[in-house]
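Hi,

Here is the structure I promised to pass on. Have a look at it first, then read my notes below.

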Amino acid sequence: MGDVLDSMLDLMRRLPPTRIEENLNALLDICPEYADDLLGSVDQPLKLLTDHATGRDYLACDYNRDGDSYRSPWSNEYDPPLEDGTVPSTKLRRLEVAANDAFDTYREMYYEGGVSSVFLWDQDDGGFAGVVLFKK
């Protein structure tokens, strides 16, 4: 099984980076059982999505993806809806909301536009990790 994944990754390195999403989707159509491994190994451009609950834009990446769904930092809901998606603990969610508000202000002041998103998640050792994303 590792040989198939290695071959897919090798192919992705040789294909034009301007068509990464198209090529990745084609490989996923052929071998859907490798979706998690492939999506976790291939860097993709940040996607801009809109939170249907709040109407605010957010960035979609590996850090807020669960299967084929992406979690919004504004409403904490997945799109498309996912019943058992991973969400931060209540305390960490409050920090995530505050960080999103702070970085949204920073983005507007220094970049004068674009979109920012902050995603935090709990770790098994009791700590947490996070990512701050900007796209102009």
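Let's start with one residue. Leaving aside its neighbours within four places in sequence, M8 is in contact with L27, C31, Y34 and L38, where contact means heavy atoms within 4.5 Å.

Before going on, a word on where this comes from: it is a predicted model, so local features need pLDDT of at least 70 and side-chain atom pairs count only at pLDDT 80 or more, while totals for chains, interfaces and linings use all residues. Residues are numbered from 1 along each chain as its sequence is written, and side-chain values use heavy atoms, with hydrogens and water left out.

Back to M8. The largest nonpolar core has 13 residues, and M8, M12, L24, L38 and V42 are those with the most contacts inside it. A nonpolar core here is a set of buried Ala, Val, Leu, Ile, Met, Phe, Trp, Tyr and Cys residues joined through side-chain atoms within 4.5 Å. Buried means under 20% relative accessible area, exposed over 50%, and partly exposed in between (1.4 Å probe, protein chains only). At least two residues of this core come from each of α1 (2-14), α2 (20-30) and α3 (35-41). Helices (H or I, at least four residues) and strands (E, at least two) are DSSP runs, numbered from the N terminus. Another core, of 10 residues, lies apart from it, and L59, Y70, F119 and V131 are among its members.

Now the cysteines. C31 is buried at 16% relative accessible area, and C61 is buried too, at 12%. How many disulfides are there? Counting pairs of cysteine sulfur atoms within 2.5 Å, the answer is zero.

Next, the strands, which pair if DSSP finds at least two bridges between them. β6 (residues 115-122) and β7 (residues 128-135) pair in the antiparallel sense over eight bridges, with L120 opposite G130 in β7. These two form a hairpin with five residues between them, and G126 in the turn has a positive phi of about 95 degrees. There is also an open sheet of three strands in the order β3-β4-β5, with antiparallel pairing. Its edge strands are β3 (65-66) and β5, each pairing on one side only. In this sheet, R65 stands opposite Y70 in β4.

D79 and P80 are joined by a cis peptide bond, with omega about -10 degrees, and P80 sits in the loop between β5 (78-79) and α4 (90-111). N76 is not a glycine, yet has a positive phi of about 65 degrees. E112 is another non-glycine with a positive phi, of about 50 degrees.

Last, the rings. Phe, Tyr and Trp rings (for Trp, the six-membered one) pair if their centres lie within 6.5 Å; planes under 30 degrees apart count as stacked, over 60 as edge-to-face and the rest as tilted. The structure holds seven aromatic pairs. Y106 and Y110 have ring centres 4.8 Å apart and planes at 40 degrees, so they count as tilted. Both lie in helix α4, four residues apart, about one turn of the helix. Ring pairs also link F103, Y106, Y110, Y111 and F134 into a cluster.
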